[in-house]
Amino acid sequence: MRKRRICPKCGGPMVGYPAISRKDNQTEICSTCGLKEALDAYKNRG
Ligand SMILES: [Zn+2]
């Protein structure tokens, strides 16, 4: 059985591979938000 999952970050449907949030390392988010978090983390490094 397939579950349709919703990204808790943007509220959109999870398409493709989910990403794990860097915030707590366990929340599954959509790949778009995963990419955003990765970019934010990169930016925050200076
Ligand atoms: Zn998302």
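Colleague: How many residues does helix α1 have, and how far does it reach?
Modeller: Helix α1 covers residues 31–44, which is 14 residues. From its first C-alpha to its last it reaches 20 Å, close to the 20 Å expected at 1.5 Å a residue. Keep in mind that this is a predicted model.

Colleague: Thanks. And how many of the residues in α1 are buried?
Modeller: The count is 1 among its 14 residues, and α1 is hardly covered.

Colleague: What about the chain, what percentage of its residues are buried?
Modeller: Buried residues come to 13% of the 46 in the chain.

Colleague: OK, new topic. In what order do the elements run?
Modeller: Starting at the N terminus, the order is β-β-α. That makes 2 strands and 1 helix in the chain.

Colleague: And what does the C-alpha trace span?
Modeller: About 45 × 15 × 15 Å along the principal axes of the chain.

Colleague: Which share of the contacts with a separation of 6 or more is between residues 24 or more positions apart?
Modeller: Those account for 6% in this chain.

Colleague: Let's turn to N25. Where is it?
Modeller: N25 sits in the loop between β1 (19–20) and β2 (28–29).

Colleague: Is N25 buried or exposed?
Modeller: N25 counts as exposed, because it has 7 C-beta neighbours inside 10 Å, and the cut-off for exposed is 12 or fewer.

Conventions. Residues are numbered from 1 along each chain as its sequence is written. This is a predicted model: local features need pLDDT of at least 70, side-chain atom pairs count only at pLDDT 80 or more; totals for chains, interfaces and linings use all residues. Helices (H or I, at least four residues) and strands (E, at least two) are DSSP runs, numbered from the N terminus. A residue is buried if 20 or more other C-beta atoms lie within 10 Å of its own, exposed if 12 or fewer, and partly exposed in between; C-beta atoms are placed from the backbone. Two residues are in contact if their C-beta atoms, placed from the backbone, lie within 7 Å. The expected span of a helix is 1.5 Å times one less than its number of residues.
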